[in-house]
Structure formats: C-alpha cells, structure tokens
Amino acid sequence: MIAIRKRMLALFMLLSLFVGAAYAQDDIVIDFYFPSATANDAEGIFQGYADRFAEENPGIRINPVFTGSYTDTRNTILTELQGGGAGPDVAVMLSIDLYSFAEEGYIAPAQAFIDSMENGEAYASDFFPALMSNGVDEDGNIWSIPFQRSTPILYYNADLLAEAGYDSPPANNAELVEIAQALTTSERHGLLVPVAGGFPIWMYQSFAIAFGRNIVDDDPTAVYFNTPEAVAAVEFLRSLGAELGVGPAGGAAWGDTPVAFLAGQAAMIYHTTGNLTRILNGADFEVGVWYLPSGPAGEDGAGYGAPTGGGNLYIFDDGSKSQAELDAIWKWVTFLSSPAIQADWGATTGYIAANASAWEAEPLASLALEHPQYLVARDQLQHAGKEFSSYATITIQGIINGTLESILTGESEDAQAAMDAAQAQIDGILADYR
Amino acid sequence: MIAGAWRQRFVARALPYLLIAPTLTLVLMFNVLPAFNTVNDSLYKPARGLNAAGKPPEFVGLQNFADILDDSHYMGQRFLRAFRNTLVFALATVMLAVPLGLLLALLLNRPQRLRSLWRFAVFYPALLPLIGAASIWSFIFSDSIGLANAVLRSLGLPGLNWLGDRNLVLLSVIIINIWKQAGYFMIFFLAGLQNIARELYEAAALDGAGGFQQFVWLTLPLLRRTLLFVSVISFTFAFQTVEQLQALGEGGPADSANLLLYLIFQNIAERRNWGYVNAMTLVLIAVVLVFTLGNFLLFERDERGR
C-alpha cells in the first residue's frame, strides 16, 4: 500500500515538473473567452491563431477558452467576476453588451490603447463605420473592437424569380410584397422573415430603419419605440403573414428559415450574412443575395438599411493589471482584428470581415471574386445602422421582444397602444440614467 | 468504569449528530444560507452590490414583491403570466400524465407478448436527456418541415404553427412533458401493482367482481400511496421545468409558454433585475413548500390513521 502511494507521489511530482516546464514562469498568459454561434470548429481555429500569435510574440501565451453560446459566455464571465474571480483578459461578446459591462466597471475602453498606438487613427478608421457604432459610447470613445460581425440580408431563389418573370430582386417594400405574392403557392412561402422564437427585435430593426427611423441612436439613455416609423414597421411586418399570407402568421422561426429556403419551400428570406457560406454550399438553385428592400422613403435608395449584429472584442481590466499585461492584451486584440486574421476568419465562417483592407487580403479576396454575394453583404454596411443597445440592454430588449411578439401573434391588436405602454416602461427604467 | 459508561452514553447521544453532520453542513451551506441570502437580497433595489447609474442599491422592503405582482410593471407582466402558465402546466401534467402512466401500467402489467419491449418503449423517453428530446420535438413541431404538420397535412388538415401560435405553444410544451413523464410514472405504478397480492384479485373474482370493479375497489385504493407520491413529484417537477423552454422558443412568443423557473433564469442575465429575481424565487419556493408540506401532512395523517 505504502509502496503504491510513494510511486503515485513520485509520478505526480514528475508530472508537475513537466507542467511547470511547459508553463515558463515569466510568460504573460492571456485568458481569452469566446463563444461560438456557428457550426464551425471555432476551438480549432482559435487554437491556430493562438499558436501563430505565440510564435510572433515570444513571452506571451494565449489561453483560448470556449464558453458556449453568447449567453453562456456572458453568464460565465459575470458569474466569475461577481464571485470575485479573475475572469477573462479578453473576450468576444455581443457588441450590444457594452453598457452593461461598462456600468459594472469590468471592462476598459479600447480608446486609450488606440491613442497610444503610432498609427492608431489609421487602425480605427479601417473598420467599417457601421460596425463601430455599437462599440462607441455617446462621447465618441471606442470601447470594443469589431470581430465577428454580421447583418441581415435578403436571400432569394433566383431561379424561381426568373420563372415568374422577375430579373432582379425587390428594391423596395412594394416590390417585395408583389414578388412575394407572385411566388406564394400552397407548397411554398413567398417570403419568410424569422421573427418568431424569442428574438424578433433584430429583424424588426431592419424594417424600422427602412421605414425611416431606427429605435436607437448614439444616446444610450434613449429608445424610440413608439414613433410613427416604429409602429408602421411592425404593422407592415404583421401584414406579411396575417393579411398578405406570404409567410406564416406570427413569422417564421430562426432555424427553420434557411432550411425552408434550401428546400425550395420559401422563395425569399431575410437572414443573417452569417449563413451565407452554408446557404451557398447547400443550395441546388441559383442563390441571389441583395440589400434588404427599402421602405417607403427609399425611391433614392435612402430607405435601405439593416442593423448590424455579432460580437466584438472586449478588454477586461478593473485597474489592477500591469502595463506589460495590458500591452500583451492589446497586442492580441490588434492581432485578431488585423486584416490578415479578419480575412481568414471571414472566409472560414462567413462573418463580414470588419476592416476594409481585409477584403484585399487572401483568402477573402479570391472568395469574393468567386462569389460576389459576399460583396453585397459588405456593401450593404454603408446603409447599416446600430443594433439595439442601451443601458439595461437585456431588460429593455426583453420588453421590446415581448411587445413585438404580442403584436405579431395578434395578441395585441392595437400596435400603437402596445408600443406606447412598452415605451413608458422603458422610459421608467432609463430615467435612472438620464 | 464510570468514565467508560460516560463515554458510552456520550457516543450513543452524539453519534447520530456526528453522522448527519456532513449532510447538515452541506444543506446549511448550499440550501439554508442561500435561502437567507435570497430573502435579504429580495429587499433591495435594483440589486444588492450593484451601483446602477452610480447610485447605491436601496433597501425597499417589499417593493420588489409589489412590482412583480403589478400587471402594468414590466416584470409583473412577465411574472404573472409565467405564474399562470406554470399552474396550468403543473395541473395539466398531474391530470394527464399521471392517469396516462397508470393506464400504461395497467396495460403492461398483464402477461402478453413482447411485454418487456413495450415497457421499454414507453419508458424510453424518461431515459433521454430532456434537452435533446426537446430539440427533437422542436423539429417535429417545426412549421414547414415538421412531422406533426406533415401528418396533419396528409390528412387534409391545415398545418398548425405549434411553436409560433401563442395559443398552441404551451400545449406543445405540455405534450412533450406528458410524453416524457408518463413512462416514468408508469414504473412507479408497475411497482405498486406488483405489490398487491394476487390473492386479493382471486378472492374478488370469486365474489363476482368484474375487471372494472376490481380496479375501482381494489387497485385504486391500494395504489393510493403511489398515486399520491407520483402526483407530488409530477407537480414539483412541473415547477422545475426549464429544458423544454430552452429548446422550444424560450417561452415565447411573448411569454405565452414561459414558466416560473425559466423566467427567473432569463432574468439573472442582468444584475439590475436581481431584486426581482430573488423575490420571484421566494414565491416559487413558497408555492412548492406549501404544496409539499400540505401533501406531507396529509400523507402523515393517513399513515397514522392506519
């Protein structure tokens, strides 16, 4: 018995020796938490990036930690920090998480790091402005850096449109309705907009922007949910299923939508650019991609628009980190947001590479040449707006989602009244911050 | 000699306490202490430890409870709806899954071909992890590609928007729960049935009691304890439901299928709601406690009466 124990002890000591050797004492270790919202091998890809980074930067080691979905990631980080733990050094979280983390004092603005760079101005201005809008506070300070970003776009079955005599996709809502009605059969939906299933706000924002006014602006204490534009947008969305019958009443579910499109059961869909690669690979028909149709304002193209979405890089520091650690952290952030990595990440996942120069880098440049659909997603960014974010983002997003769902499913018939009530609740919460 | 006797007495007295000490410590640390914290935290707004908008949290007494019971408050709206749904969900489960479990047990207690296979097939859902099973059901209930609608359409009926129609989605969740639980409850009833002595049925048959009479006058009374037990666990399970909702549209649309525990889980995400979260948790605990206690007392009295 004793002999065995001794042997185990020796083995244990030997093992710890190895571990100790592998983890050199002086290395700075950066804990990097990331979610995955795609089916790709994110863990493998990040490990590859981490190895590449370690080669270029001796003395800094990246510890990539996969933390589940966006929600899981957020909850993991909050649990660790609120329980007095260290938390990550860098994490990918939703771009709209800014104010809740800033409010708690967990994150450090990227602005100070950018200011300390030699070419900080050029670094920051290389990102598409629309993708920066959620990472910047009302005073213009940059907090987080775009990393895996997306927007909704219009996917259409070009073969079906051509059969019905349409050579080009709908440019505005009137054409959208006309084509959707022409292509609706008993076996097929003309248009699916995935607003069912708990998260209608993102798709809804497309319509609010198209109708002329986003529900948020730069001020995180203001929400515009009961404006005439906001009401008209949800009424239009409701009419698609309820009155026009081009899709199911109440809207389609998120996951069903691309499946139905690929199966030929939907002629047009609104969906995220994040699914572009999957849809292009999965379709046995010609897939067209175009800007989301403009609203009534858009004869001159002014009514185009989509919200942005996806995740940014956040730096965690409560003021206790050393300058050397902070420098290492910033190196990792600039590495991940560099054109080379963005081009690679965009091409493998389908996220929109966040900086303009990434589109001239390989492998993205050749991919875009082969499939111009990728460029549509990029070019729509010039019309894209801020994704919903404010103080108390999650709570207010919940109010908006609940209200939209109750209007879309017909529970609240009077959209204006329901949205007035929601706006009053939202103002009540935001009053603390004004 | 005296010292030895004293030691013996001490050991005899202390031993039980020593034996339960580890469990007691765990219960105190992980159940009682958090429960006290929950009571304390439920009295602060927006949340203990959070300086929202630079302001320290305030002691507000029972204001959080008043808010969650207020239909015009954003949290009250959601809480009251989830509370109603939870009651409907729990009652539906008790009233449908329990009798179904009993019926299956009666059918599968009789000797017949492939009995083990049938029992296994009925019990199988209970073995599946709920989150996986619910994900499969989300495909079955899918509007355009789902099996449920394919069946309806093949019968010439219109497809239903199972997970998108606010009037149907709670029903969908209940269906899954019944499918999942009935086979599990069947096992308890089967065990109960096999504890009933054969002779009783033989005697009843000799006295001329038919199958239905035997069931009403023999089986049911003798299964009373099993029935009570199964009803209690099915009711408390209903209050712990989370997984189905996670896989089936997160309680939506507009909370029309949201249940209490899941609503609490959803609101943990933002710390400014923790005052409400704690208040809701206490209400949940209170309901389950009252129910369990009530049943326990009934059960105890029943036992003593025998």
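Me: Helices are DSSP runs of H or I with at least four residues, numbered from the N terminus. With that in hand, in which helix is the place of Phe65(B)?
Reply: Keep in mind that this is a predicted model. The stretch to look at in chain B is residues 63–68. That run holds Phe65(B), and its label is α2.

Me: Okay, is Phe65(B) buried or exposed?
Reply: Its relative accessible area comes to 19%. Buried means under 20%. So Phe65(B) counts as buried.

Me: How far apart in space are Phe65(B) and Ile187(B), C-alpha to C-alpha?
Reply: In sequence, 122 residues separate Phe65(B) and Ile187(B). In space, C-alpha to C-alpha, the gap is 40 Å.

Me: Ile187(B) belongs to α7(B). Are α4(B) and α7(B) parallel or oblique to each other?
Reply: The axes of α4(B), residues 115–127, and α7(B) come within 6 Å and cross at roughly 125°. Roughly perpendicular stops at 115 degrees and roughly antiparallel needs over 145. The pair is therefore oblique.

Me: By class, how many nonpolar residues does the contact of α4(B) with α7(B) have?
Reply: On the α4(B) side, the contact includes Val122(B) and Phe123(B), and on the α7(B) side it includes Met186(B) and Leu190(B). By class, there are 2 polar and 2 charged residues, and the nonpolar count is 10.

Me: And does α5(B) pass α7(B) in a left-handed or a right-handed crossing?
Reply: Helix α5(B) covers residues 130–140 and α7(B) covers residues 169–194; their axes come within 11 Å and cross at roughly 130°. That makes α5(B) oblique to α7(B). As for the hand of the crossing, it's right-handed.

Me: Which residues of α5(B) make the contact with α7(B)?
Reply: From α7(B), the partners are Ile175(B), Ile176(B), Trp179(B) and Lys180(B). By class, this contact has 6 nonpolar, no polar and 1 charged residues. The α5(B) side is made up of Leu130(B), Ala133(B) and Trp137(B).

Me: Over to chain A: which backbone nitrogen does the side chain of Thr349(A) reach?
Reply: Thr349(A) is in α15, residues 339–349, and is buried at 4% relative accessible area. Its side chain reaches the backbone oxygen of Trp345(A) at 2.6 Å. At 3.2 Å, the side chain of Thr349(A) also reaches the backbone nitrogen of Tyr351(A).

Me: What relative accessible area does Ala392(A) have?
Reply: Ala392(A) is in the loop between α17 and α18 of chain A. Phi of this non-glycine residue is positive, near 50°. Ala392(A) is buried, with a relative accessible area of 0%.

Me: Last one: what is the phi of Ala254(B)?
Reply: Ala254(B) is in the loop between α11 and α12 of chain B. It's buried, at 6% relative accessible area. Although Ala254(B) is not a glycine, phi is positive, at about 50°.

Methods: Residues are numbered from 1 along each chain as its sequence is written. Chains are lettered from A and ligands numbered from 1 in the order in which they are written. This is a predicted model: local features need pLDDT of at least 70, side-chain atom pairs count only at pLDDT 80 or more; totals for chains, interfaces and linings use all residues. Side-chain values use heavy atoms; hydrogens and water are left out. Axes are lines fitted to C-alpha atoms, for helices over the stretch in contact, and angles run from 0 to 180 degrees between N-to-C directions. Helices (H or I, at least four residues) and strands (E, at least two) are DSSP runs, numbered from the N terminus. Angles under 35 degrees count as roughly parallel, over 145 as roughly antiparallel, 65 to 115 as roughly perpendicular and the rest as oblique. A crossing is left-handed if the near helix is turned anticlockwise from the far one by less than a right angle, and right-handed if clockwise. Contact means heavy atoms within 4.5 Å. Ala, Val, Leu, Ile, Met, Phe, Trp, Tyr, Cys and Pro count as nonpolar, Asp, Glu, Lys and Arg as charged, and the others, Gly among them, as polar. Buried means under 20% relative accessible area, exposed over 50%, partly exposed in between (1.4 Å probe, protein chains only). A polar contact is a pair of N or O atoms within 3.5 Å; within protein, one must be able to donate a hydrogen and the other to accept it, and residues adjacent in sequence count only if both atoms are side-chain atoms.
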